[in-house]
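Okay, thanks everyone, I'll keep this short. Have a look at the structure on the screen, and then I'll walk you through a couple of helices.

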Amino acid sequence: MPEGHTIHRLAAALDELYGGQKLHTSSPQGRFADGASRLDGQVLLGSQAHGKHLFLPFGARADVPVDDESVTWLRIHLGLYGSWTFDGDREFTAPHAIGAPRRRVGERGEHALKGGGGSALAGLSGGADDVTDRREGQEGDSSSHDGPSPNEWEPPKPRGAVRLRLLGRHGVADLTGPAACELLDAEGVAAVRRRLGPDPLRADADAEVFVAKARSRRKSIGELLMDQSVISGAGNIYRAEALFRVGISPFRAGNRVSEERLRAIWEDLRPLMEYGVATGFITTVDLDDVPDPLPPDDPEAGRWYVYHRTGRPCLRCGTPVAEREMAARRLFWCPTCQAR
């Protein structure tokens with residue numbers, strides 16, 4: 001499932017690409033036909049993300065305040081299989097896709113549209129070359145400007161079961177496979193957000209709410225970091241990596257983790273996730289800990305300390321990284337560095 005930084009990145013992309021525009025919306029698949037009909041011809045007023053939920057407000061005019069009672073909100077949760085794909089003319093600056101599959105998008109970096117104009121949303125190129133780029137203070141590849149002109153470009157035919165299509169002046173965004181795609185009013189949005197824990201990427205997030213919730217539970221901290229009612233946005237990678245970086249056993253009960261250490265988790269997660277928003281992929285290894293050269297049989301050592309590195313030596317102590325299932329998800333940790 002895409003982690004929270006992907007949804008914040010998606011919100012920024014949609015705002016940059018379509019904010020303030022009157023959009024043509026449709027549901028080629030037909031499952032969201034009534035909702036798309038209600039939004040058709042409306043103006044996208046902005047975008048918001050909270051954890052793994054995307055909220056898009058639509059109004060009759062660009063000057064309608066987002067808190068106006070006439071605003072209709074679109075809520076989307078990508079779930080395990082949801083994805084947005086983009087296409088447009090040379091003025092349309094976007095990644096090719098944001099969302100699933102995770103092994104291609106988000107974890108390893110998004111791929112820019114071949115003819116896109118290039119923007120921060122294209123992210124870095126990802127892959128092994130990124131370690132060298134970070135060491136030398138460079139950014140990844142920028143996209144070219146050889147795409148079709150606005151007069152030449154035509155929206156492609158929908159591919160697959162497209163739940164929702166957003167068509168603007170210069171490009172199209174297609175949503176496939178979401179776990180949720182629904183229209184809400186302001187109270188409906190507030191009700192969803194009340195069920196969620198604080199999101200480290202939001203300016204209005206309160207770390208003390210996370211601390212209090214985690215300290216009140218007997219479940220393991222490894223389970224609590226995946227509980228979106230405790231903290232929003234963290235997924236399996238951030239869970240494993242933050243616990244390693246702070247040095248906490250994933251099996252320690254939340255009510256037995258000190259407030260100081262819980263705050264340390266929050267303060268570690270925030271910059272890691274901000275980096276994910278800025279670049280489009282997850283990397284958590286401090287440059288001083290990156291092996292030089294990278295072992296050819298351990299490519300993940302340039303990105304992650306423990307995630308997907310079962311049996312490989314810990315980058316700090318050399319102990320083999322362990323793996324176990326926790327709450328139906330694969331958990332990775334160092335038994336030495338995370339002994340307590």
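This is a predicted model: local features need pLDDT of at least 70, side-chain atom pairs count only at pLDDT 80 or more; totals for chains, interfaces and linings use all residues.

Which residues are buried in helix 8? That would be Arg261, Leu262, Ile265, Trp266, Asp268, Leu269, Leu272, Met273, Gly276 and Thr279. They pack against helix 1 (4-18), helix 5, helix 6 and helix 7 (236-246). Just after helix 8 comes Gly280, with a positive phi of about 90°.

Arg261 is buried, yet it has no salt bridge. With a cut-off of 4 Å for a salt bridge, Glu260 doesn't make it: that's the nearest side chain of opposite charge, and it's 7.6 Å away. What does Arg261 touch, leaving out residues up to four places away in sequence? Val246, Gly247, Ile248, Arg252 and Arg340.

Over to helix 5, residues 207-215, where the buried ones are Ala207, Phe210, Val211 and Ala214. They sit on the same side of helix 5, because they cover an arc of only 100° around the axis. The general rule here is that an α-helix has 3.6 residues a turn, so residues three or four places apart point the same way. Covering those buried residues of helix 5 are, among others, helix 6 (221-224) and helix 8 (259-279).

Notes. Residues are numbered from 1 along each chain as its sequence is written. Side-chain values use heavy atoms; hydrogens and water are left out. Buried means under 20% relative accessible area, exposed over 50%, partly exposed in between (1.4 Å probe, protein chains only). Helices (H or I, at least four residues) and strands (E, at least two) are DSSP runs, numbered from the N terminus. The arc is that of the directions from the helix axis to the C-beta atoms. Contact means heavy atoms within 4.5 Å. Lys and Arg count as positive and Asp and Glu as negative; His and the chain ends are not counted.
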